[in-house]
Protein chains: 2
Amino acid sequence: MTTPLAAKIAREYGTPAAVIDMDKVERNIARIQAACEAVGVANRPHIKTHKSPLLAKMQIAAGAKGITCQKLGEAEVMADAGIDDILISYNLIGEEKMARLAALQAKAGMTVAADNPTVIAGLPQAAKLSGRKLAVVVECDTGRKRAGVETPTEAVALARQIAGLEGLSFAGFMLYPTETGWTEAQTFYDEALAGVRAHGLDAAMVSTGGSPNLKNLGKLRGATEHRPGTYIYNDRMQVAAGVADWEDCALSIYATVVSRAAPDRGILDAGSKTLTSDAGGGLDGFGLILEHPEARIARFAEEHGFLDLTRSNTRPNVGDVVRIVPNHVCVVVNMMDEVVMVRGDEIIDVLPVAARGKLR
Amino acid sequence: MTTPLAAKIAREYGTPAAVIDMDKVERNIARIQAACEAVGVANRPHIKTHKSPLLAKMQIAAGAKGITCQKLGEAEVMADAGIDDILISYNLIGEEKMARLAALQAKAGMTVAADNPTVIAGLPQAAKLSGRKLAVVVECDTGRKRAGVETPTEAVALARQIAGLEGLSFAGFMLYPTETGWTEAQTFYDEALAGVRAHGLDAAMVSTGGSPNLKNLGKLRGATEHRPGTYIYNDRMQVAAGVADWEDCALSIYATVVSRAAPDRGILDAGSKTLTSDAGGGLDGFGLILEHPEARIARFAEEHGFLDLTRSNTRPNVGDVVRIVPNHVCVVVNMMDEVVMVRGDEIIDVLPVAARGKLR
């Protein structure tokens, strides 16, 4: 079974193709903006999900305060497109990166995150090159064991280091609590805030993160903003996390069944170079096929998706074009140079994933 | 510990960066070309690994008969660069793809693979549009349960279908045996060959595949060519398969340690959007760090590599630049717009991964 739109996509663009439904995109943008406003927290969407200035500008037009980027290269694409309030939520280090950060400071209001003295010691170089103050937030680990200092004491020490360095200003704290760790995050933040206040500093920006954490929006007393990314498209992980329904999943991969060498199996023309090997934190298979929800994308070669059809009553034929909701949409978009924008059954345009591949 | 070259890469390009050692690339090309010639099998390297016309031309200059591509978009990049003997080892289906295949036929000698009647029935459209005969090989499954017919009887039926269609010519068989399945592959091929000969056909091209199968090179009596891909760079999987040593691994990801929030862990600036979540068929961790082989890249966020240092006596500092041999180099190169070419400690040039992102 191939929908009329899927047939059109295959005919005009070929498969595999990433297709975004702009009605759903707009609805997702509006819904989360409203949710942020309802609890009095600014929205600073993370553009890692879509990597497109057009969509970032739609988020800002809907009321977002600014954006979040993970990489300098992403921020460069966004600043060149005129976005002027950018948080890079990442430790930046080295003279090559400081020169680029300085250039960014001339184009946009920049804030960066840091979690250690070595990174902070390097940041004045950017401020010196740009002749502008650089705002720095201290990244706090509250359970993920990713980046971030592990204790409020360390957070306070870094805040004081920032405040004491020429060209830097201490801007506040960045947190990314686990979905169940908001009580601990509150304790951490309260202690860190008291600590910096004891030294005459204050936290103007207190930023929490994550689309799965949208269910915790407003739970941190003192939070000034949230950094959701995936909500603009959603995916199987967001549905599993309980923050989106299938109807909110705005991006699908359209793929063709290219082989059916035996009754209980088949091959899609989308493999790990399209859908990626991201298991979505333990989901069953590598995507949901809307036309065949009981089929399982069991494994991948680079350009082959292995379909296990043993549980399927209806099975696709060679040539069928199916729609797949990916496990983790952020890494899938990152495989594409472009996505196809549709509204209902109409193809509107092709949107470049302009900040894709900006690893540095 | 940061090597002088790593410091130079970080300073001039920033990290994470993919770096290829051209001395090793040339040695790998020469070694496998010689191995093919020693057993009298032509070399038709799969360009999915490097996706670069420059490297494909080096393979051809060293003696390769032609190249293999998995996608039309890859073949378009290669044909535009002047490469004139291309096998697309993939079922192609749909009018959009047939128009592009016809355009390719005007630029290069094209052969395509097919494993089912639906795909074959569509191929004459390309031949009609181009006005040229299209060579078609029948893909045979010999144990991988990927694409490919499961029985010699089906292979013979498809060969006869090809031979009977206007504009198509039956060119032979394409196999991709498992590493331990060459005896079964021989039986399959012998039966299929006898079957087509009984109908007045013959197999001019008998193509085997895979770099891990380089240890089986020449084992299939009747094989005319082999399609290795990964051998040009090699990776942890090839070392694990016993077909390469660490010294043969020509590509490394240079990454910076950006966080060390606790003694037994750290964060690299290369996550799943650089190294991918490809586990390399069950390898421990997501890459080998040459400076810290006992460190484990335990898991990823999109731009964070989680370092487990519990087994490490020497531990990296924030700011150290390390070199990582990836699990599966083909999917890692596919994340990059470019790779940095070096010779010894000298940076030579930046090479675009020209056929990256050609999903269609």
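This is a predicted model: local features need pLDDT of at least 70, side-chain atom pairs count only at pLDDT 80 or more; totals for chains, interfaces and linings use all residues.
Residues are numbered from 1 along each chain as its sequence is written, while chains are lettered from A and ligands numbered from 1 in the order in which they are written.

Let's start with the interface. Here 56 residues of chain B are in contact with 56 residues of chain A, contact meaning that C-beta atoms, placed from the backbone, lie within 7 Å. On the chain B side, strand S10(B) gives the largest share, six residues. Strands here are DSSP runs of E with at least two residues, helices are runs of H or I with at least four, and both are numbered from the N terminus.

Now to chain A, and strand S6(A), residues 134-140. Is it buried or exposed? Seven of its seven residues are buried, so the strand is largely enclosed by the rest of the structure. Buried means 20 or more other C-beta atoms within 10 Å of a residue's own, with C-beta atoms placed from the backbone. Both faces are covered, with Val136(A) among the residues on one side and Glu139(A) among those on the other.

What are its neighbours? S5(A) pairs with S6(A) in the parallel sense over four bridges, pairing being at least two DSSP bridges between strands. Ala114(A) has Val138(A) as its bridge partner in S6(A). Seven bridges join S6(A) to S7(A), also parallel, and Ala135(A) stands opposite Ser169(A) there.

Notes:
Two residues are in contact if their C-beta atoms, placed from the backbone, lie within 7 Å. A residue is buried if 20 or more other C-beta atoms lie within 10 Å of its own, exposed if 12 or fewer, and partly exposed in between; C-beta atoms are placed from the backbone.
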